[in-house]
Each structure stands twice: as structure tokens, then as C-alpha cells.
Amino acid sequence: MLTEEEIERYKEDGILVLKGMVPPEKLPEYRNAYERMVEKVQADPDRRKKYGARFIGKTNNHSHELDEASKAECWGADFLLHPELYEPVFTDYLENERLINSVKSLLGPDIGLYGLKAIWSPASVTYDLRWHRDGRQDVYSTDGGIPPGWLQFNTALYREESFRVVRGSHRRPLTDEENARYGTVEEVAGEEVCALEAGDVMFMHQAVLHRGRADASSRRRALHYILARTDFSVGRRRLEQFKGWYENLGLEEKLGPSSKLLFENFFSWKDKAFDDIEYDSKYEEK
Ligand SMILES: O=C(O)CCC(=O)C(=O)O
């Protein structure tokens, strides 16, 4: 559970860091699994479609100035459950009672899975994502910062200084300067770097103004997960994709009780799913 003070901090700032969510003794296992995943993504020519890979060439400003090899570098993957990428630690993490109870403190008791993704520093080029909100540019939180439906969080496997944020921007309209710099990587008044130590988790509000940056010389390896309330709705395509992977991997027999419930709650969205095309193309549009 989060303390009242932590909940207030999340509401005020639009981000909240919880230290040491992955215990130090587990980090080597997480890191090794993560590295195997990164290598597979980078090596597969069909990685965009198969693994939902995110490319430097699609997201960096001025990427047309880069050479083809740099453009083809990845900084993330959306489909950690793809059977060729999946590693048991990706779902074991969802057995972490402190993590799940903390998410419930913000979203309420009935939550399900929504996304299991990863973000990392590319091998030879800087990842430099533009300022954005994870929703519409003009939408902010009117209810004091409680996440409307879903909660996204980064878990750092190494120390990182990658997430840039304007604290409190989720509670108000963007300023003229923020609107002018939205979609760029230019400096914005009040921006801060949110440093994480290995094992820390950072919850973010979808309306907080943020971006990511990681030099090739840094070693960023972050899990980027989303959990959602069960009264939220989900795209049919995403639902079917996750169900296919779940069955293919035989996860029903393998998962612990907490992660299994998150999947079951996710699949219970069946009757509330909407027809979507967003999941596959989302990151091309950014
Ligand atoms: O690098 C980060 O942590 C930010 C990622 C992000 O904003 C996104 O994937 O929408």
C-alpha cells in the first residue's frame, strides 16, 4: 500500500518514485533476461511487426540526418509477451506484492494487465523522445491527479537519468511555451530529470508532460508496464494478441496467483472491447 503522503505526492507531481522495488539479489536475473530480449529484438529484420519494436528513425527529431544503421536501432519493444521474447521474470515481477498493492492504492482493488513493454538505450545513437502527454495534448486531470483508468510505470534495472518531466503539469493546461515546444526536444521551463537507481520504480500520470532521453553510452534497461482498472475498456486487437500469446506460452499453468489474476481480469474485458487499430501503429504516429 502507498502511504497517504505518497498518494498526495503522486497527485501533486504526476510522478512517484518507490525505491528498491526489485531487490538487489534479483537484479542479475532480470538483467540477463532483459539482455537476451534486447539482442533478439535488434537482430530480427521483422522486429517492428513481430515485437512492436520502437525505432530511432521513427521517433528522434531530425532522424532523417542519421545513417540507415542508426535509424534502424531500437529503443524499445511493446510485445514482451511474444513467445520468442518472453522471459519468466517479465511476469514474475507481477507477483511483487508491494508493487501490486501500490498500484491498487491509486487505481483501486480491481486491476488487470494492459501492457508489458521495455525501453532501453540504443547501442550507438542517442534516444531522444519528444515532449508529450500520453493522451491528447489539451487534456489534463481535473480530479486531483488520480490516474483515469490506467497507470504506467518504469522500473529501472540500472541507474538511469532518462525520464524528463514537468512536475504538476498533469493538473493544468499546458503553458504557451509548453505548447510551442510540444513534440520537440527543446528545453522547457521547469523540466527535471527523474533519476532512478537500479530496482526503483516510477509511476507516472498520463497527462504529465514528459519525454525520454538516453545516450548510447548510458546503460538504460527499463521495464515499462501498464496496469488498468477492470472497468476500463481495451482494444479487441490487443486483447486477442495477448490471449494468443498466453495460450501459446501455456501461462495458465505457469503463472503465480497474482500475475494470473491480472491476466484473467484483462481477458474479462472481452465483452467491453472496442474495435481498435491503435496498438500496432501508435508509435509510428508519435
Ligand atoms: O523514456 C521514457 O521513459 C519515456 C517513454 C514514453 O514517454 C513513452 O513511451 O510514451
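Here are some questions and answers on a predicted model.

Modeller: Local features here need pLDDT of at least 70, side-chain atom pairs count only at pLDDT 80 or more, and totals for chains, interfaces and linings use all residues. Residues are numbered from 1 along each chain as its sequence is written, and side-chain values use heavy atoms, with hydrogens and water left out.

Biologist: Which residues of helix α1 are buried?

Modeller: Helices are DSSP runs of H or I with at least four residues, strands runs of E with at least two, numbered from the N terminus. Buried means under 20% relative accessible area, exposed over 50%, partly exposed in between (1.4 Å probe, protein chains only). In α1, residues 4-13, the buried ones are Glu 6, Ile 7, Tyr 10 and Asp 13.

Biologist: Why are they on the same side of α1?

Modeller: The arc is taken from the directions from the helix axis to the C-beta atoms. They lie on the same side because that arc is only 150 degrees.

Biologist: Which exposed residues does the face turned away from the buried side of α1 carry?

Modeller: Look across the helix from its buried side. That face carries Glu 4 and Glu 5.

Biologist: How many residues of strand β6 are buried?

Modeller: β6 spans residues 150-156 and is mostly covered. Trp 150, Gln 152, Asn 154 and Ala 156 point one way, while Leu 151, Phe 153 and Thr 155 point the other.

Biologist: Which residue of β11 is the bridge partner of Gln 152?

Modeller: Strands pair if DSSP finds at least two bridges between them. β6 and β11 (residues 221-229) run antiparallel, joined by seven bridges. The partner of Gln 152 is Ile 226.
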